[in-house]
Amino acid sequence: MMTTRFCTEFGVDYPIVQGGMQGVGRAELVAAVANAGALGFLTALTQPTPEELTREIARCRELTDRPFGVNLTILPTIDPPPYAEYRDAIISSGVPVVETAGFNPAEHVPAFRAAGVKVLHKCTSVRHAVKAQELGVDGVSIDGFECAGHPGEDDIPGLVLIPAAAERVGIPMIASGGFADSRGLVAALALGAEGINMGTRFLATVEAPVHQAVKERLVEANERETDLIFRPLRNTARVARNSVSRKVVEVLDEGGAFEDVRELVAGSRGREVFETGDLERGVWSAGLAQGLIHDIPRVSELIRRIVAGAEDIVHDRLGALLAGES
Ligand SMILES: Cc1cc2nc3c(=O)[nH]c(=O)nc-3n(C[C@H](O)[C@H](O)[C@H](O)COP(=O)(O)O)c2cc1C
């Protein structure tokens with residue numbers, strides 16, 4: 001069985017993580033990931049209030065008795081959600097692990113640590129990973145340029161970012177961005193990571209609570225069909241390419257301000273894509289890994305396939321190379 005230090009320290013069977021996904025990281029998906037032996041994260045801000053997050057955690061517990069966590073995404077907004085209250089809801093519900101992401105988690109790490117909640121901080125650069133390690137987090141996930149959502153502004157793909165981070169980080173490190181199958185898992189381990197984090201691949205599973213049309217679009221789309229929006233604002237996000245993402249890129253490239261695209265990128269419109277399957281309704285996150293997605297499996301089948309495939313690659317393909325058999 002493929003076990004890494006991450007598995008032992010975070011209490012899961014397999015070195016596979018389902019990262020927080022706004023609108024998607026709900027109990028059905030997270031429990032399926034937990035039941036399959038991997039680590040899933042509910043997304044705190046998908047719940048409109050901390051009280052509803054507490055209820056969602058309880059709902060997830062009814063669906064699994066395996067460990068799972070909660071993602072707390074800290075974004076710089078004019079009108080921020082009550083982060084401290086979400087944090088306290090996470091702590092008091094007794095989940096064993098939190099995935100922090102976005103801004104520097106310094107404000108929240110001491111409270112999590114004091115309560116014995118492990119912190120897996122997700123970031124997009126070596127310097128931020130080193131900083132998180134100094135803050136005392138238990139592990140880091142590093143999102144390369146390939147990832148869905150916010151890849152940062154450095155544009156360093158995983159092939160360089162992951163080994164560069166491995167040279168500087170001593171705590172368990174998870175490679176993220178562009179991973180979808182067993183080949184990616186073996187590559188991540190070879191690059192110095194202790195597992196993989198996936199978002200886009202989990203979006204195209206039976207249990208992901210999004211419209212079937214979204215999943216089918218991921219199967220159909222290739223690796224060239226994403227857009228980077230908000231580049232001129234230095235708040236880059238990778239989304240599935242559609243008429244709305246094209247328009248947003250065009251307006252901002254021509255010198256437009258956020259106000260000029262605010263309505264197009266409204267979170268409510270993105271939610272409608274997931275709920276109604278109208279793929280042109282708004283912007284929705286997807287990564288380059290969509291080019292590697294060819295079906296819509298159940299989560300258990302996906303995890304089984306990735307783990308078994310990785311073991312085969314190591315034993316058979318790479319083992320044969322060492323034995324001089326190919
Ligand atoms: C639909 C969707 C929504 C996401 N929302 C969040 C989020 O709210 N917070 C977060 O930290 N990451 C979010 N992510 C990023 C994932 O957790 C993960 O880091 C990323 O998808 C990894 O890259 P991959 O898509 O190539 O696997 C989202 C990803 C997707 C596909």
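Leaving aside residues up to four places away in sequence, Phe145 touches Pro151, Asp155, Ile156, Pro157, Leu228, Arg231 and Arg238. This is a predicted model. Phe145 itself sits in a loop. That loop lies between strand S6 (139-143) and helix H7 (158-166). Now look from Phe145 to Ser125. The two are 20 residues apart in sequence. In space, their C-alpha atoms are 9.8 Å apart.

Next, the strands. In general, strands of a sheet pair through backbone hydrogen bonds, and the pairing can be parallel or antiparallel.

Zoom in on one pair of strands. Strand S4 covers residues 97-102, and strand S5 covers residues 118-123. S4 and S5 run parallel, joined by five bridges. Where in S5 does Thr100 find its bridge partner? The partner is His121.

Side chains link S4 and S5 too. Lys122 and Glu99 meet in a salt bridge, at 3.6 Å from N to O. Lys122 belongs to strand S5 and Glu99 to strand S4, so this pair ties together parts that are 23 residues apart in sequence. How many salt bridges does the structure hold? The count is 24.

Now turn to the helices. Start with helix H2 (residues 27-35), which packs on H3. The angle is about 40°, and the axes are 9 Å apart. H2 is therefore oblique to H3. The crossing of H2 and H3 is right-handed. H2 supplies Ala27, Glu28, Val30, Ala31 and Asn35 to the contact. H3 supplies Glu56, Arg59, Cys60 and Leu63. By class, the contact of H2 with H3 has five nonpolar residues, one polar and three charged.

H3 (residues 50-63) also packs against helix H4 (residues 83-92). Their axes are 9 Å apart, at an angle of about 25°. Why do H3 and H4 count as roughly parallel? Angles under 35 degrees fall in that class, so H3 and H4 are roughly parallel to each other. H3 passes H4 in a right-handed crossing. On the H3 side, the contact is made by Pro50, Leu53 and Thr54. On the H4 side, Glu85, Tyr86, Ala89 and Ile90 take part. The residues of this contact divide into five nonpolar, one polar and one charged.

Helix H8 (residues 182-190) packs with helix H14 (residues 299-322). Here the angle is about 65°, and the axes are 8 Å apart. H8 passes H14 in a right-handed crossing. From H8, the contact uses Ser182, Arg183, Leu185 and Val186. From H14 come Arg305, Ile306, Gly309, Ala310, Ile313, Val314 and Leu318. In the contact of H8 with H14, seven residues are nonpolar, two are polar and two are charged.

Terms used: Residues are numbered from 1 along each chain as its sequence is written. This is a predicted model: local features need pLDDT of at least 70, side-chain atom pairs count only at pLDDT 80 or more; totals for chains, interfaces and linings use all residues. Side-chain values use heavy atoms; hydrogens and water are left out. Axes are lines fitted to C-alpha atoms, for helices over the stretch in contact, and angles run from 0 to 180 degrees between N-to-C directions. Helices (H or I, at least four residues) and strands (E, at least two) are DSSP runs, numbered from the N terminus. Angles under 35 degrees count as roughly parallel, over 145 as roughly antiparallel, 65 to 115 as roughly perpendicular and the rest as oblique. A crossing is left-handed if the near helix is turned anticlockwise from the far one by less than a right angle, and right-handed if clockwise. Contact means heavy atoms within 4.5 Å. Ala, Val, Leu, Ile, Met, Phe, Trp, Tyr, Cys and Pro count as nonpolar, Asp, Glu, Lys and Arg as charged, and the others, Gly among them, as polar. Two strands pair if DSSP finds at least two bridges between them. A salt bridge is a side-chain nitrogen of Lys or Arg within 4 Å of a carboxyl oxygen of Asp or Glu.
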